[in-house]
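Keep the viewer open and follow along.

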Amino acid sequence: MQQHWFTGPLASFDTETTGVDIETDRVVSAALVVQTAPGTPPVATDWLADPGVPIPDGARAVHGISDETVRAHGRPAAVVVAEVAAALAEQARAGRPVVVMNAPYDLTLLDRELRRHRGVSLAEAIGPAALLVLDPRVLDKYVDRYRRGRRTLTDLCAHYGVELTGAHDAGADARAALEVVRTIGARYPGALGGLTAAELHLRQAVWHAAQARGLQAWFDRSGADERVDLSWPLRPARCGCGRRLSPEHECEVAA
């Protein structure tokens, strides 16, 4: 019998950070959870980083990690983000899909941290193997487009009957997101089960763009100034002039 992607090995990645700005905020903690099959014990790797900047009260109120904690028990951010990237690269080489809830947030923030501390992009740090991403937020919106209500991880766990204990702990969130994705796949095998993880990765980029356009249209109708990025699973880096970085781009502002 052919194995579906949602019954095979999966990994799951999550971070806790100093804030919600992917361009300027920093990683405080991270977790990578690997599970070989549904129901088997997951194996977790956890990191605690000293971000090198004060953790704002608002962020500390969410994840409970203080400046004192990271100074006493955390390791330099440059070391942590390099280890995280190496762990994700291992998943890519193994062909193991990685669940990332709202991937453009966590992966983009990690990319900026790697550029800041190591001088490399996430793609460069991972290497030639493709990172296959499964985003429960994108998948849920695709299979149940018209359901009303929010779609945070807490909301998705409640909707799909997944236990989430210790929300806003990177390890707990990663484990819960992994179970949500397995549940979505099992509940909608007709829509998702016939695809490989690689095919699903490519389609999620298309689905996310369509979902983002719909949200942008809603913002436009309501008169809001919000701009929605269509990129998935990673937002491209931008130059100081605001344009996307590319080998062809020569910035007069930076010069």
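Which residue in β6 is the bridge partner of valine 98? It's valine 133. Bear in mind that this is a predicted model. That pair belongs to the link between strand β5 (residues 98-99) and β6, which run parallel and are joined by two bridges.

Zoom out and you get the whole sheet: it is open, has six strands in the order β4-β3-β2-β1-β5-β6, and its pairing is mixed. At the edges stand β4 (75-76) and β6, and each has a single partner strand, so one side of each has no neighbour in the sheet. As background, strands in a sheet pair through backbone hydrogen bonds, in either a parallel or an antiparallel way.

Now bring in the helices. Helix α8 (residues 170-187) packs on the sheet, where it touches β1, β2, β3 (43-50), β5 and β6, and its direction makes about 140° with that of β1. Helix α7 (residues 153-160) joins α8 here: their axes come within 10 Å and cross at roughly 45°. That angle makes α7 oblique to α8, and the crossing is left-handed. If you want to pick out the side chains, look at Leu153, Leu156, Cys157, His159 and Tyr160 in α7, which meet a set in α8 that includes Ala176, Val180 and Ile184.

Next up is α4 (residues 103-117). This helix has 15 residues and reaches 21 Å from its first C-alpha to its last, close to the 21 Å expected at 1.5 Å a residue. How many of the 15 residues of α4 are buried? Twelve of them are, so the helix is largely enclosed by the rest of the structure. Among the buried ones are Ala103, Pro104, Tyr105 and Leu114. Their cover includes β1 (10-17), β2 (27-35), α3 (77-94), α5 (122-126), β6 (133-134) and α10 (197-222). Just after α4, glycine 119 takes a positive phi of about 75°.

Finish at tryptophan 232, in the segment after α10. Is tryptophan 232 buried or exposed? With a relative accessible area of 8%, under the 20% cut-off, tryptophan 232 is buried. Its contacts beyond neighbours within four places in sequence include Ala103, Pro104 and Val133, along with His201, Gln204, Ala205 and His208. Check alanine 209 too: its C-alpha and that of tryptophan 232 are separated by 7.6 Å, though the two residues are 23 apart along the chain. Two of those contacts, Ala103 and Pro104, bring you back to α4, where both are buried.

Methods. Residues are numbered from 1 along each chain as its sequence is written. This is a predicted model: local features need pLDDT of at least 70, side-chain atom pairs count only at pLDDT 80 or more; totals for chains, interfaces and linings use all residues. Side-chain values use heavy atoms; hydrogens and water are left out. Helices (H or I, at least four residues) and strands (E, at least two) are DSSP runs, numbered from the N terminus. The expected span of a helix is 1.5 Å times one less than its number of residues. Buried means under 20% relative accessible area, exposed over 50%, partly exposed in between (1.4 Å probe, protein chains only). Contact means heavy atoms within 4.5 Å. Two strands pair if DSSP finds at least two bridges between them. Axes are lines fitted to C-alpha atoms, for helices over the stretch in contact, and angles run from 0 to 180 degrees between N-to-C directions. Angles under 35 degrees count as roughly parallel, over 145 as roughly antiparallel, 65 to 115 as roughly perpendicular and the rest as oblique. A crossing is left-handed if the near helix is turned anticlockwise from the far one by less than a right angle, and right-handed if clockwise.
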